[in-house]
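Reader: I would like to go through this model and ask what stands behind each label. Please show it before we start.

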Amino acid sequence: MIALIRYTFATMLHTQRYLAPLLLFTGLLGVLTVNGSGPLPPAYASSAGALFVCSTWLTIVLMSLDAPSQRAVLVVTAGGRSLTVLLATIGTALLSCLVLMVFGLFFPLWTGDHVVSTTDLLLGVEAQLTCALVGIAIGVLCSRLVFKRQGHALVVALALEMAALFTKGMPPVNRLFVLMATTPDAAKLLAPAGIMLAISAVVLAVFIAATQLVAGRRE
């Protein structure tokens, strides 16, 4: 697994296909959080939203790094376990999002005027991790393993992201953002945000299973 993650990281860095999602993340973060003031939960909702969009795009990029013939070689190298290769790609996406999370936590503090506490930082971690997991889940489901035509994958990815962001009261993303926008006290949000994080982990597991099922039938 570690070797596969290292290989995926090396391929991503060599091809530089991470640049577009990274630029999108930094651009959204700058627009949504720069010169902010007041309570931190709304600012961290904005940084989590930026990571949500970025993680989806980044995951689709990672899932498309290898041509089908190269992926077949990787599966053979992994002992014929295609799920291991899939999990390695997801692990690479998650590790990349963890790096971006650090930037998302401290950039609003650098560019804005906020009073920060440990509770605020914990909430920021929960919110960004929740959005990263859901974004990765959408990216996995909309990868080449499921959709042969990239145009179809793009349409489905956009539809799922819009539904997650704007469907009123829908957990975990929209519900989390509504809570963070309306409740300035981070301490009151830790438990609900933890529930949204657990839901996002379930969503990721379900989407991984669905992707593996489709890919397994094709292979």
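Author: Helices here are DSSP runs of at least four residues, numbered from the N terminus. The model is a predicted one. By that numbering, Ala157 is found in helix H7.

Reader: Which residues does Ala157 touch, not counting residues up to four places away in sequence?

Author: Ala157 touches Ile60, Ile138 and Cys142. Contact means heavy atoms within 4.5 Å.

Reader: What lines the second largest pocket?

Author: Ala157 is in the lining, together with Leu24, Val53, Thr56, Trp57, Ile60, Cys142, Gln150, Ala153, Leu154, Leu158 and Glu161. A lining residue has an atom within 4 Å of a point of the pocket. The volume of this pocket is about 210 Å³.

Reader: Which helix gives the most to that lining?

Author: H7 does, with six residues. Helix H3 (40-63) and helix H7 (150-166) each supply at least two residues of the lining.

Reader: How do the lining residues divide into nonpolar, polar and charged?

Author: Nine are nonpolar, two are polar and one is charged. Glu counts as charged, so Glu161 of the lining is the charged one.

Reader: What makes Thr89 buried?

Author: Thr89 is at 9% relative accessibility, and the limit for buried is under 20%, so Thr89 counts as buried. Thr89 is found in helix H5 (residues 82-111). Leaving aside neighbours within four places in sequence, Thr89 is in contact with Leu62 and Met63.

Reader: Why is Gln16 called partly exposed?

Author: Buried is under 20% and exposed is over 50%, with partly exposed in between. Gln16 has a relative accessible area of 46%, so Gln16 is partly exposed. Gln16 lies in the loop between helix H1 (2-15) and helix H2 (19-33).

Reader: What is the phi of Gln16?

Author: Phi of Gln16 is near 60°, which is a positive value in a residue other than glycine. Most residues other than glycine have a negative phi, and most peptide bonds are trans.

Reader: Which peptide bond is cis?

Author: The bond from Pro171 to Pro172 is cis, with omega near 0°. Pro172 lies in the loop between H7 and helix H8 (173-182).

Reader: How many helices and strands does the protein have?

Author: The secondary structure comes to nine helices and zero strands. The radius of gyration is 18 Å, close to the 17 Å that the globule rule gives for 219 residues, so the protein is as compact as a globular protein of that length. Along the principal axes, the C-alpha atoms fill a box of roughly 55 × 35 × 30 Å.

Reader: What share of the protein's residues is buried?

Author: Buried residues make up 47% of the 219 residues. Of the contacts with a separation of 6 or more, 80% come from residues 24 or more positions apart. The accessible surface comes to about 10,500 Å², and 71% of that surface belongs to carbon and sulfur atoms.

Terms used. Residues are numbered from 1 along each chain as its sequence is written. This is a predicted model: local features need pLDDT of at least 70, side-chain atom pairs count only at pLDDT 80 or more; totals for chains, interfaces and linings use all residues. Side-chain values use heavy atoms; hydrogens and water are left out. On a 1 Å grid over the protein atoms alone, a cavity is a set of points where a 1.4 Å probe fits but cannot get out, and a pocket is an open set with protein on both sides within 12 Å along at least five of seven lines; lining residues have an atom within 4 Å of a point. Grid points are joined across faces, edges and corners, and a volume is the space filled by probe spheres set on the points. Buried means under 20% relative accessible area, exposed over 50%, partly exposed in between (1.4 Å probe, protein chains only). The radius of gyration is taken over C-alpha atoms; the globule rule is 2.2 Å times the number of residues to the power 0.38. Accessible areas come from the Shrake-Rupley method with a 1.4 Å probe; for residues, only the protein chains shown count as cover.
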